[in-house]
Amino acid sequence: MKPIHIIGGGLAGSEAAWQIAQAGIPVILHEMRPIRGTEAHQTDSLAELVCSNSFRSDDSDYNAVGLLHDEMRRCGSIIMAAADKNQVPAGGALAVDRHGFSAAVTAQLESHPLVTLAREEITALPDASDDMDNVIIATGPLTSGALAESIRAATGIESLAFFDAIAPIVYRESIDMSKAWMQSRYDKTGPGGTGSDYINCAMDKDQYENFVRELIAAPKTDFKEWEKNTPYFDGCLPIEIMAERGIDTLRHGPMKPVGLTNPHTAPVDENGNKKFQRSHAVVQLRQDNALGTLYNLVGFQTKMKYADQTRVLRMIPGLENAEFARLGGLHRNTFLNSPKLLDSELRLKSQPHLRFAGQVTGVEGYVESTAMGLLAGQFAAAERKGTLRGHPARTTAMGALLAHVTGEANAETFQPMNVNFGLFPLVDSGKGRDRKLLYTERAKKDFNAWLS
Ligand SMILES: Cc1cc2nc3c(=O)[nH]c(=O)nc-3n(C[C@H](O)[C@H](O)[C@H](O)COP(=O)(O)OP(=O)(O)OC[C@H]3O[C@@H](n4cnc5c(N)ncnc54)[C@H](O)[C@@H]3O)c2cc1C
């Protein structure tokens, strides 16, 4: 059988290689280290962990990332097996001895009779007429410059980002709609719009000025030295930087109150009609996924530290009890506009011999990147064998993440996403922990069906 090629031997590429080889198909894994390094990797090992040594919660009953661990273990994941073998104590989290972990993955792949490791940089997307007719690109957030340029040329300048500018994302059900309201600015309907597409949270002058003060005072994370050299657009300025430019800057930017009328505070005239008044400032939240379970704070990318971010954002009227599916950030990160570019099997629609996997598909985190490597590997193997793998159910952690990046996320605002229950179709009942258990029980049942 002709080999499948994988570019990038990080977490996703290593997992994809394993899944393909275990399916009995030869695989050539092209990894550029140590010939060429990245700004963050330190070794020449496969599956190197570039920062934290944690795979986050291992609780598959109450946590979405723990559920993803469980699903990957049941698919015979090499990454999960190496993590389990090299575990260090970390409470309910799965943390690993990073050197033992990546040494185990490297040794297992190097000794697999169907895996060939080629230490070289691939500088351009392989052509379909080459030998490379079934390729997985798993080059990660620090994809080398030459290959990134080639991807950009193939996908369009707007479709490959070099920085993520993540605005916080809130679970819709945690927003207090007795204070917030639905309305589009000037009730505009636009394509597919209803005139009430946004959730709005109004502030009076005192609330706004307190908020701006806290925003400026909150501790922030710094750019790494090498991140400073990557240009990012003025359109992605963190809100705290805008706030520092003047007390009213945000009111003229992402918090402008124009074209919005708060029904909760409108006084009623002598005829019983509401007299709408403009608020001092308004925070808008936009639907982030097709299910309507997640909303992002429009224009609110921020580098505030996570604990302070939660505290400051909960000062927004209506968000006092907000639960965050993802907090904001700004990092160097090469990723595709996958909802626009990839089909449901992670293939580039315009060149289906190329499949993407890992963080470059717009998922976020070690575990999520690995999961996309696992699926890409299984899809590529099935294609080579001429069989159909089928997708994991939409109700499973892998299925939810895959559906999000390959079409359900809003392509216009697409930013990297970690796995969370907001990506799952809603369950009918339950609250808090009970509700989470309903999600994971359903997922496990449906995942079993897919496996069998
Ligand atoms: C600085 C930084 C810190 C991060 N910290 C965390 C964290 O603490 N926790 C977390 O969950 N996530 C973190 N992430 C996000 C993400 O989970 C990791 O980057 C993860 O390693 C992504 O997996 P991947 O397989 O997609 O990419 P990687 O693991 O980065 O693998 C990509 C591989 O491709 C190789 N490569 C690149 N270009 C080429 C080329 N042209 N030819 C051949 N090989 C190439 C690279 O050398 C690398 O080995 C971090 C990201 C960055 C950038």
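Q: How do α3 and α4 lie to each other?
A: Angles under 35 degrees count as roughly parallel, over 145 as roughly antiparallel, 65 to 115 as roughly perpendicular, and the rest as oblique. They run from 0 to 180 degrees between N-to-C directions, with axes fitted to C-alpha atoms, for helices over the stretch in contact. Here α3 (residues 78-85) and α4 (residues 98-110) pack at about 135°, axes 9 Å apart, so the two are oblique to each other. Helices (H or I, at least four residues) and strands (E, at least two) are DSSP runs, numbered from the N terminus. By the way, this is a predicted model: local features need pLDDT of at least 70, side-chain atom pairs count only at pLDDT 80 or more, and totals for chains, interfaces and linings use all residues. Residues are numbered from 1 along each chain as its sequence is written.

Q: Which residues in α3 and α4 meet?
A: Contact is C-beta atoms, placed from the backbone, within 7 Å. Ile78, Ile79, Ala82, Ala83 and Lys85 in α3 meet Phe101, Ala104, Val105 and Gln108 in α4.

Q: And the sheet: what is the strand order?
A: Strands of a sheet pair through backbone hydrogen bonds, either parallel or antiparallel. Pairing takes at least two DSSP bridges. This open, mixed sheet has six strands, ordered β6-β2-β1-β7-β17-β16. β6 and β16 each have a single partner strand, so one side of each lacks a neighbour in the sheet. β1 and β7 pair in the parallel sense over three bridges, with Ile6 opposite Ile136.

Technical notes. Contact = placed C-beta atoms within 7 Å.
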